[in-house]
Amino acid sequence: MIYKLFLSSVLMFFSFGSSEMEIMAPESNANKSIAAVVESKFDANIEMVYQALDANEFELPTEESFAEALKGFYLLKEKGLIKKDILTLVDFSLSSNAKRLWVIDLRTNEVLFQSLVAHGRNTGEEFATRFSNSAESFQSSLGFYATGEIYKGKHGLSLKLDGLEKGINDHARQRAVVVHGADYVSDSFIRGNKRLGRSQGCPAIPVELVSEIISIIKDKSCLYIYHPSIDHTKESKLIS
């Protein structure tokens, strides 16, 4: 029910446009007033979805990171760039020693997983501070991705990603930025090194969770990597 109510407000939101998503021609003052009301309701409904989340035994992500992820999720869904109602949120504002990846089923409003996740070796030590879309940078890329196909590579079972923001992460596939398991993504590594291990730019996750998580998020679900420094003017950058 929460999902259906929110979806109806989303459709209204797209009809009137927003400060981030300029979909219509220039508005009249009346349309601007209507759009402001719809946007206010849209934001209220994001808070409603957040408050209704069933965390299970996990902690919830911050409301700010979830709100940004949910806004983008519905834009991508409306454009047909993602197909599933599964949202994977990675919050790189948090310490790498924290479980900063969430897999959320938006149909049931249920958190399915909360997990450790690595950032790139040149993105920072314990905290992620530098990001890149360039090959051989060994840095993480922020923004929205559509999950792709499963394959078996040098890290075993892995999941390809397609970056959906031009100039931000659209080189992900040629950079081989994928979801994969890694031994350095573990509590034992943190205990021995004071921080989580780092990847070459991939959002690497614990080996024991890789099969379950990949099987749920594969094939056109939304993955969002959040950091407060990201530019949220997504409409001009989204790949159509």
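**Exercise 1.** Classify Arg-195 as buried or exposed, and find its salt-bridge partner.

*Solution.*
Step 1. Arg-195 has a relative accessible area of 18% and is buried (buried means under 20% relative accessible area, exposed over 50%, partly exposed in between, with a 1.4 Å probe and protein chains only).
Step 2. Its partner in a salt bridge is Glu-125, with 3.0 Å between the closest N and O atoms (a salt bridge is a side-chain nitrogen of Lys or Arg within 4 Å of a carboxyl oxygen of Asp or Glu).
Step 3. Arg-195 sits in the loop between helix H4 (187–193) and strand S7 (205–206), and Glu-125 in the loop between strand S3 (110–115) and strand S4 (143–153), so the pair ties together parts that are 70 residues apart in sequence. Helices (H or I, at least four residues) and strands (E, at least two) are DSSP runs, numbered from the N terminus.
Step 4. Glu-125 is partly exposed, at 49%.

The model is predicted: local features need pLDDT of at least 70, side-chain atom pairs count only at pLDDT 80 or more, and totals for chains, interfaces and linings use all residues. Residues are numbered from 1 along each chain as its sequence is written, and side-chain values use heavy atoms, leaving out hydrogens and water.

**Exercise 2.** Describe the salt bridge between Arg-173 and Asp-162.

*Solution.*
Step 1. The closest N and O atoms of Arg-173 and Asp-162 are 2.6 Å apart.
Step 2. Asp-162 belongs to strand S5 (156–163) and Arg-173 to the loop between S5 and strand S6 (178–182), so the bridge ties together parts 11 residues apart in sequence.
Step 3. Salt bridges that share partners join Glu-149, Lys-160, Asp-162 and Arg-173 into one network.
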